[in-house]
Amino acid sequence: ATILDLTLHVRPCPRQTLWQEGAYTKTSRFRPQAMALLQQQNSGTNDSNNHENTDLMFPILVDRTMTDKAGSPNPIVLQQSYAILEHLWKHYGQSVVPSSSNDHKSQN
């Protein structure tokens, strides 16, 4: 998010497989929130590509700045790193100025 100059909130969601090691509990603070957001997104869309997939995969991005055609808030939930990166660059990458090769010269 640094090159895009975005403000973000990171919420840790340790893998359930870490339960044996004590890093995950059934009362995980943010995992239920992530699942609820995903289910809400899936129930509110008529997208033919959406197969009601409620498998929770990380990373997950919730972009609350998106709006529908009428300008009403329409947050989206994305999973999979590629989809997240594609969305971020498409919607927020217009103002990024590529750095020149001179910016990265080693200082010996």
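**Exercise 1. The nonpolar core**

Task: Identify which residues make up the largest nonpolar core of this predicted model, and state which elements each supply at least two residues of it.

Solution. Step 1: A nonpolar core is a set of buried Ala, Val, Leu, Ile, Met, Phe, Trp, Tyr and Cys residues joined through side-chain atoms within 4.5 Å. Buried means under 20% relative accessible area, exposed means over 50%, and partly exposed lies in between, with a 1.4 Å probe and protein chains only.

Step 1: The largest such core has 7 residues in all, namely L4, L61, M66, I76, L78, I84 and L88. Strand 2 and helix 2 each supply at least two residues of this core. Helices (H or I, at least four residues) and strands (E, at least two) are DSSP runs, numbered from the N terminus.

Step 2: Take I76 as one member of the core. Contact means heavy atoms within 4.5 Å. Setting aside residues up to four places away in sequence, I76 touches Q41, L61, V62, D63, M66 and H87.

Two remarks on the basis of these values apply throughout. The model is predicted, so that local features need pLDDT of at least 70 and side-chain atom pairs count only at pLDDT 80 or more, while totals for chains, interfaces and linings use all residues. Residues are numbered from 1 along each chain as its sequence is written, and side-chain values use heavy atoms, with hydrogens and water left out.

**Exercise 2. The overall pattern**

Task: State how many helices and strands the protein chain has, and which pattern they follow along the sequence.

Solution. Step 1: The protein chain has 2 helices and 2 strands. Read along the sequence, their pattern is α-β-β-α.

Step 1: Of the 108 residues of the protein chain, 21% count as buried. Among the contacts with a separation of 6 or more, 35% are between residues 24 or more positions apart.

**Exercise 3. The two strands**

Solution. V62, for example, has V77 in strand 2 as its bridge partner.

Step 1: In a regular strand the side chains alternate between the two faces of the sheet.

**Exercise 4. The side chain of Q79**

Task: Decide whether Q79 is buried or exposed, and find which backbone atoms lie at the polar atoms of its side chain.

Solution. Step 1: Q79 is found in strand 2. Q79 counts as buried because its relative accessibility is 12%.

Step 1: A polar atom of the Q79 side chain lies 3.4 Å from the backbone oxygen of D55. The backbone nitrogen of M57 lies 2.5 Å from a polar atom of this side chain. A polar contact is a pair of N or O atoms within 3.5 Å; within protein, one must be able to donate a hydrogen and the other to accept it, and residues adjacent in sequence count only if both atoms are side-chain atoms.

Step 2: Leaving aside neighbours within four places in sequence, Q79 is in contact with L38, D55, L56, M57, P59, I60 and I84.

**Exercise 5. Backbone features**

Task: Locate the cis peptide bond, and say where Q80, with its positive phi, lies.

Solution. Step 1: The cis peptide bond joins F58 and P59, with omega about 5°. P59 lies in the loop between helix 1 and strand 1.

Step 1: Q80 is not a glycine, yet its phi is positive, about 80°. Q80 lies in the loop between strand 2 and helix 2.

Definitions and conventions:
Pairing = 2+ DSSP bridges.
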